[in-house]
Amino acid sequence: MTTATEGPEQALRDAGLRVTSPRLAVLVVVGTTPHIAAETVATKVRERLGTVSTQAVYDALKVCTAAGLMRRIEPAGSPARYERRTGDNHHHLICRQCGRIEDIDCAIGHAPCLTADDDHGFAIDEAEVNYWGVCPECRASEALLVAD
């Protein structure tokens, strides 16, 4: 499993990738801000490095995702998000109102969701499950509006 605690330089080297400033910055930003949108990654990378093209940030996201150093998730109605937690087949809980995303582990044991009732010949290696609801903060805000 890859986590944000693994050093970004070593993670790039272990994946056989060149260590570049944009790649390092992208790994650090995604590692410190899970479930972050690409535009926000670009903004935070520019805060760290100064002038960096949007294309360089997107290229770093693509290369690091392809190398398994981060994961891209695409909740319905939301831009793609990135996280460093990979390899453990965890899932996500998403607030319908504010878009907050939380990691949750598989519901039963070790990756039971990888056993489909009919795999149609596929070699399944990942399952993406999103649980949708309303987070505690949004529920509290709703309660305040109703009380007024």
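## Strand β4

Strand β4 spans residues 91-95 and is mostly covered, with four of its five residues buried. Buried means under 20% relative accessible area, exposed over 50%, and partly exposed in between (1.4 Å probe, protein chains only). Strands are DSSP runs of E of at least two residues, numbered from the N terminus.

This is a predicted model: local features need pLDDT of at least 70, side-chain atom pairs count only at pLDDT 80 or more, and totals for chains, interfaces and linings use all residues. Residues are numbered from 1 along each chain as its sequence is written, and side-chain values use heavy atoms, with hydrogens and water left out.

## Partners of β4

β4 pairs with β5 (residues 101-104) in the antiparallel sense, over four bridges. Two strands pair if DSSP finds at least two bridges between them. His-92 has Asp-103 of β5 as its bridge partner. Five residues lie between the strands of this hairpin, where Gly-99 takes a positive phi near 85°.

β4 also pairs with β6 (residues 130-133). Here the sense is parallel, again over four bridges. Cys-95 has Gly-133 of β6 as its bridge partner.

## Cysteines

A disulfide is a pair of cysteine sulfur atoms within 2.5 Å. By this rule the model has zero disulfides. What is the closest cysteine sulfur to that of Cys-138? The sulfur of Cys-135 is, at 3.6 Å, which is too far for a bond.

Cys-138 counts as buried, at 11% relative accessibility. Cys-64 is buried too, with a relative accessible area of 0%.
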